Amino acid sequence: ADTGTGGEEVEALQLSARWLEVLRTYLELVLCVLVSIRNNRNLQKFSLFGDISVLQQQGSLSNTYLSKVDPDGKKIKQIQQLFEEILSNSRQLKWLSCGFMLELVTPTSLSSLSNSIANTMEHLSLLDNNIPGNSTLITTVELERFMNLRSLALDFCDFTAEMARVLTDSNHVPLQRLSLLVHSVSVMHKSLDNMPNDEHWKALSRKSTSLRVYIMAFDIKSEDMLKILKPSIPLERIHFDSYITCVSGAIVDLISRQYDKFLTHFILMNDVIDTSGFPDLSDNRNEDPLVLLAWRCTKLSLLAIHGYTVWAHNLIAIARLRGSDLKVLEVTEESIDFDQGELADQDVDPVHNLIEQVSLGLGQPWHAVMDIESLSVFTEPNRHFYREMQSFSEDI
């Protein structure tokens, strides 16, 4: 390398060394935890979360760092065997939740559970963005063993029409909570062709009138979302998070029309570097889609927005429409814009007026979010989804 890139090379080497140390420590800690509980037959709730989202931003984790830390794959194999040992030894397990634990769960892990334990399991979540190719962590045949599931969390591409059919069988108890992660990596390697159609969703809702669905969509194109958002999904929560793609006003409008009876949580996050070019959902529209969402969705209690233009007068309208029923309204300061009329009025400070009017509408003190980094939903979307999925499932 020439002298002009010397500093960058040194920085890259330091970064690489740091990630190698992080990953080495991660593997040791996972081994330590699993070894200590391998023979514990009293586990009732087994919940594992390993935040690998930061590591994933550095490229293909398995090919770059993992092969250097564990070149022959012995530690990963040991971790997988310990996990299966814990499952085979369990006698009271009711709750099994595993999210983003690096190569811990394999497509054969669940076969370690005895039929009697699988039959009494009430919650199951298996989420991992690192599964190679089109592999899935649970098959339809395996799902048939879990006859008492009250809540389930899976990658959306893994939740097939056949699975929906199994869950509507008379020998299964009614499912009450379903959390689905739609990730661009998964959609790229798998297919949306096998997902449930509207008739499957209707059958699931008939089986359980209390079924509610939580979807997080990460960098999903609008045309894919239009395929995914079937009218009969009892959608209670939806969270859009993106670095590349943007949600369209048409998608927001569709959600407000189709899920007005159920929707309580709506999160819209766009991590763009250029803060001067936030997309405007109300562009060329008579009515702002977010205002229509607040008007139609009468159960909406949480609205969080960053990275999309939210006009001040529309924010005031949202607060007035929902009032005190809107428990959480989080909009980042840089996402709020004012029209020329508001800025031209010399008698009123537009920012002070916005704070005052929104606070009056909500019936509680309100202000814009000044520091986006304070929101875990923004900085750690995987962690946010996992935590929300847990509380959503426990809320039965």
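How many nonpolar, polar and charged residues does the lining of the second largest cavity have, by class? The analysis rests on a predicted model, in which local features need pLDDT of at least 70 and side-chain atom pairs count only at pLDDT 80 or more, while totals for chains, interfaces and linings use all residues. Residues are numbered from 1 along each chain as its sequence is written, and side-chain values use heavy atoms, with hydrogens and water left out.

Cavities were located on a 1 Å grid over the protein atoms alone, as sets of points where a 1.4 Å probe fits but cannot get out; a pocket is an open set with protein on both sides within 12 Å along at least five of seven lines, and lining residues have an atom within 4 Å of a point. Two cavities of 30 Å³ or more were found. The second largest cavity, of about 30 Å³, is lined by Leu-126, Leu-127, Asp-128, Leu-137, Asp-155, Asp-158 and Lys-190. By class, this lining has three nonpolar, no polar and four charged residues, where Ala, Val, Leu, Ile, Met, Phe, Trp, Tyr, Cys and Pro count as nonpolar, Asp, Glu, Lys and Arg as charged, and the others, Gly among them, as polar.

The largest cavity holds about 70 Å³ of space. Its lining residues include Phe-240, Asp-241, Ser-242, Cys-246 and Tyr-308, and divide into eight nonpolar, two polar and two charged. Strand β7 gives the largest share of this lining, three residues; strands (E, at least two residues) and helices (H or I, at least four) are DSSP runs numbered from the N terminus.

The second largest pocket has a volume of about 170 Å³, a volume being the space filled by probe spheres set on grid points joined across faces, edges and corners. Of its 15 lining residues, Ile-267, Leu-302, Glu-330, Val-377 and His-384 lie nearest the centre. Helix α17 supplies the largest share of the lining, three residues.

A nonpolar core is a set of buried Ala, Val, Leu, Ile, Met, Phe, Trp, Tyr and Cys residues joined through side-chain atoms within 4.5 Å; buried means under 20% relative accessible area, exposed over 50% and partly exposed in between (1.4 Å probe, protein chains only). Within the largest core, of 105 residues, Phe-159 and Phe-266 touch the most other members. Helix α1 (residues 6–37) gives the most to this core, with nine residues. Apart from this core lies another, of eleven residues, among them Phe-100 and Phe-392.
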